[in-house]
Amino acid sequence: MEQYVIKGGSPLYGEVEIGGAKNSALAILAASVMTDETVTIENLPNVRDINVLLQAIEEIGAKVERVDAHKVMISGSSIQDVTVDNEYIRKIRASYYLIGALLGKYKKAQVALPGGCEIGSRPIDLHIKGFRAMGADVDIAHGLVCAEATGLKGTHIYLDKVSVGATMNIMMAAAMAEGKTVIENAAKEPHVVDLANFLNSMGASIRGAGTDVIRIVGTDKLHGTEYSIIPDQIEAGTFMFAAAAAGGNVLVKNVIPKHLEATTAKLLEVGCTIEEFDDAVRVISSGKLTHTQVTTLPYPGFPTDMQPQMAVVLAIAEGTSTITESIFENRFRYVDELTRMGASIKVESNIAIITGVEKYTGARVNAPDLRAGAALVIAGLCAEGVTIIDDIHYVERGYEDFEGKLRGIGAQMEKVCSDKELQKFILKVS
Ligand code: UD1
């Protein structure tokens, strides 16, 4: 049973290096099997969801060579099976990208219905609508999504809701369909652009990624490539919010500042100073913060994956703030845990009304999901006393060496595996 244990109250100073984007990497790894040639992926984050997907890719017969923690070579030439199912893949959301990838290449895929974080009902009807519009038969049976087509045909697809997953999944299948596909009301997230760039480097023809209309001309064959994943905007934003809440001066390195504009704008509003460089941002915070209003929206709006971290900052900011969650209906499950640490938050429907308190006090809390778990860590960093966080396997799905990187900028934090280690840490810091 692993836990994070944190002694709060130290401001954060120094530099932190951001890794590759988990949500880009998941789609790109799935798309890597769409060629029989070798694909080399660099700047891969070494996190649990990535390792689960790589294992699933290996299980269907692809060759996966982990060159080092952040580099992998994949060859899809030896794939014999298009059925993807194991107890781990059922728990990750991005398993659905293998439907688009395998359907595009083999015109057939059977993939376990995706799991992921419990942040609301997460249908995949738009993905299925897209595959059906291209001529595939899609059924759900025995917990698997079964898709098959005699020939995939390009078509016009309008997404009723902006969906990152549906945009990327349809893009993959369309890259190997016959003729032209147009996706309208497409998601514009940086990882949509990253996947399009990756597929284009394999010989696909995708134009317009990053706008709401994406045009894809299908091809029969894709070739090998070498590709480096973009930096993770959510990991970067998490460290920026950590610096804001705990106070201090932190240089967040290896980022694309443009991808962080919504986060930067909110940090300026609450009273931080931000300096932007070509591939880094510096956050300077006195720890004295002020209230603001936030609404989560598809990119370039404020990301839903940063919402819990923002709430942790606002809960110790002077005045009353509101957060409106417009993407997922169940993304305030961390509020009860934060209340145990002293926060004053009332949730009405999809709005959290936050009355700033002077400080958090350390408590034993549970990480309810990936981003909320990271947010509780931030609360622990600025709490009075010791915070113990359970269920950190959620956090490890998306953050590589979170405790090590935070220690590198001055946090007093450890991952412990036993009560003995926990007591040793408490003795050390008290
Ligand atoms: C991805 C990210 C997740 C992020 C989310 C929004 C991955 C693995 N996960 O999730 O971290 O929080 O984007 O930025 O990349 N919807 C439907 N039908 C569908 C698909 C989606 O109704 O077929 C709805 C969802 O319920 C949600 C909204 O559309 O309300 C957006 O979801 P979507 O962008 O698809 O999120 P994911 O791709 O699941």
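Of the 20 residues around the ligand, Tyr96, Asp125, Ser163, Asp305 and Ile327 come nearest. Keep in mind that this is a predicted model, where local features need pLDDT of at least 70, side-chain atom pairs count only at pLDDT 80 or more, and totals for chains, interfaces and linings use all residues. Numbering runs from 1 along each chain as its sequence is written, and side-chain values use heavy atoms, with hydrogens and water left out.

**Polar contacts (pairs of N or O atoms within 3.5 Å)**
- A backbone N or O atom of Ile327 sits 2.5 Å from a ligand oxygen.
- For Lys161, a side-chain N or O atom is 3.1 Å from an oxygen of the ligand.
- Pro123 brings a polar backbone atom to 3.3 Å from a ligand oxygen.
- On its own the ligand exposes 740 Å² (Shrake-Rupley, 1.4 Å probe), and the protein buries 91% of that.

**The shell**
- Helices here are DSSP runs of H or I with at least four residues, and strands are E runs of at least two.
- Helix H4 (125-133) and helix H5 (164-175) are the elements that give two or more residues to the shell.
- H4 supplies the largest share, three residues.

**The whole chain**
- The protein chain has 14 helices and 26 strands.
- Its C-alpha atoms fill a box of roughly 65 × 45 × 40 Å along the principal axes.

Key: A residue is near a molecule or strand if one of its heavy atoms lies within 4 Å of it. A polar contact is a pair of N or O atoms within 3.5 Å; within protein, one must be able to donate a hydrogen and the other to accept it, and residues adjacent in sequence count only if both atoms are side-chain atoms.
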